[in-house]
Amino acid sequence: MVNRVLIRLKVVQLLYSYLLSRSEFKIEQLPENPSRDKRYGHALYLDFLLLLLELAGYDVTDGKRASVLKGLTLNKAIHRGRLMGSLAALPEVREIIVKERGGVHRFDGVVPELYEAIAELPAYKEFVKLKKPELKDEAALWVSVIENILAKNQSLITAARESGEYSVAGYARAISLLNSTISDYGNNRWLYVSTRHALDYALDKAYELYHRLLLLAPAITAAEDLRLDEARHKPMPTDEDLHPDLRFVENKFVAALRKNDKLTEFADKHKAEWEVNDMLVLSLLDKILASDIYKEYMAKPGEKTFAEDADLWRDIYRTIILPGDDLAETLESQSVYWNDDLHVMGTFVLKTIRKYAASTRKGADVKLLPQFKDDEDRRFGPELFEGAVKHFDEYKALIDKFLKKDRWDADRLAFMDVVILIVAITEIVGYPNIPIAVSCNEYIEIANAYSSPRSGGFINGILFSIIEHLKAEGVIFKN
C-alpha cells in the first residue's frame, strides 16, 4: 500500500525536479559588444514587451499617464489575464517600467488598430471558445499576436521606422526575442502536466515494487526446486540427492502466494515475474541456505504448519532480503524510483506476510493491500503537488520574510529545503484534519534524509515561526 509517508516524499522529489526544470519568463539581455542591429533589436524588444502588457490592460508607466486603452471597448477575454500578469510582476519588467523607458509611447497611436486586430485572429476565436483557458492557451494566443500582428502590422512598422536606429534585421530580432520569451513560458504547462503524470507513475511503480517483492519468495523456492531436480539427475546422485527434504520448496505460504489471483494477475500484466536463474534470485537463495534461519527451520523434524511457513519467510525478508545490498543494487538498475520506495514497501510486505500467518484458511482469505487506503489518500499526492505549485510564490515570500525576521542565513537555505518547506506549508494550510505535529515531523524527517545534515533543525525553526504567524492571521486554526 502506498501510504502518505511515501506520497509526501514523491511530491517533494518531483516538485524539486519540476521547479529546477521549468522555464519562467526569460527577459533577454543585451549581448556583449552588440552590433547596431542587435542593440536596436534589444531596445525594441523591451518596448514590445511593454506594448504587450498595455494591450493586456496593464500599466507600464507607473501611473504617470492614462491607459492607452482609454475610450476603447475593453476586450474581457484578454484584459489583465494571468499570463500577462505574471510578466508584469517580474522584477526585471518592473525595473524597466521604473526606469521610465520612453520608447513604448511612440506606439500609442497604433494601439487601437492593434487592439481591434487581436479579435480577428483565428487563434483568438479559438481562445474565446474555451470555458477555462489555461496558461498554455494564453501563451498560444499571445504568440499569435506577436507573429501575425506585431510582426506584420504596417502601422506599427511605420511607427518603429521613426527611430533613427531602425533596421529590418533589428525589427526581426525584436520579434524573435519577444516570441521566445512568451513561448518559453507556454512550455511550462507541458512540463507541469508531464511532472503530474510522473507523480502518478512513481506511485504506480511503488505499488509494483510491493508485488515484485512478494514474488521473490516463489521465485527463490522455484530456483531451489530446480537445483534439487538437477541434483536428482546428475550422473551419480547420492541418496540425499534422490530423496531431498522438500519442506522449503513446498512451503505452504509460498504455495498460497502462487494461488493469489491478484498477485498472479499483476505479475502477468506488468511482466513482474522473477526468472529462476536471475542473478538476484540465485544470490538470495545462497544467502538463505547459508543462514541460521533456514538451518533451524530445516533442523526441526515434522511437517510445518502454515503459520510456521509464513513466519519463516517473514524472517527471511526481514533479516536477509530487505536489508541486503543485492536487492538495493538490482532495484536501482531497474527503476530510479525503487530505492526510495524499498523501506516503505518492505514494511507492507512484512505486514502482508503477518496477515497470511494469522489466516485460518491457509491464506485463501488474505487479500493483498490496496494501492491506497481510500480515495482521500489517492487524491492526496496530486492535490498536494498542485497546491504547492499554485502557491509557490506566495509561500516562498513567506519563507523569505521569516528568514530575515528570525535572522537565519539565507545562504544556508538549500533549494531542497525551500521545496520541503513549500510542500509542508501547503499541507499545513490545505489539510485541516492532519495535525500540525504530524506534518512537521514528516517533513523534518524528509529534510534529514534528503537535504543537508542540519536541514531538519533549520526547517523546524522556520516552520515554527510560519505556523505561529498563520495562526495569528487566522489562516489555520488547528493545533
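Select threonine 426 to begin: apart from neighbours within four places in sequence, threonine 426 is in contact with Leu384, Gly387, Ala388, Tyr395 and Tyr431 (contact means heavy atoms within 4.5 Å). Threonine 426 sits in helix H20, residues 415–430. Helices here are DSSP runs of H or I with at least four residues, strands are runs of E with at least two, and both are numbered from the N terminus. With a relative accessible area of 5%, threonine 426 is buried; buried means under 20%, exposed over 50% and partly exposed in between, using a 1.4 Å probe and protein chains only.

A word on what you are viewing: this is a predicted model, in which local features need pLDDT of at least 70, side-chain atom pairs count only at pLDDT 80 or more, and totals for chains, interfaces and linings use all residues. Residues are numbered from 1 along each chain as its sequence is written, and side-chain values use heavy atoms, leaving out hydrogens and water.

Now colour by pLDDT, the predictor's confidence in each residue from 0 to 100. The protein has a mean of 90, and 95% of its residues reach 70 or more. Confidence is lowest in helix H4 (residues 91–98), with a mean of 77, and highest in helix H15 (residues 306–321), at 97.

Next, select helix H5 (residues 111–118), where Val111, Leu114, Tyr115 and Ile118 are buried. They lie on the same side of H5, because they cover an arc of only 100 degrees around the axis; the arc is that of the directions from the helix axis to the C-beta atoms. Their cover includes helices H2 (36–55), H6 (122–127), H7 (135–150) and H8 (154–161).

Finish with two loop residues. Asparagine 33, in the loop between helix H1 (4–21) and H2, has a positive phi of about 50 degrees and is exposed at 76% relative accessibility. Arginine 80, in the loop between H2 and helix H3 (82–89), has a positive phi near 55 degrees and is partly exposed at 46%. Most residues other than glycine have a negative phi.
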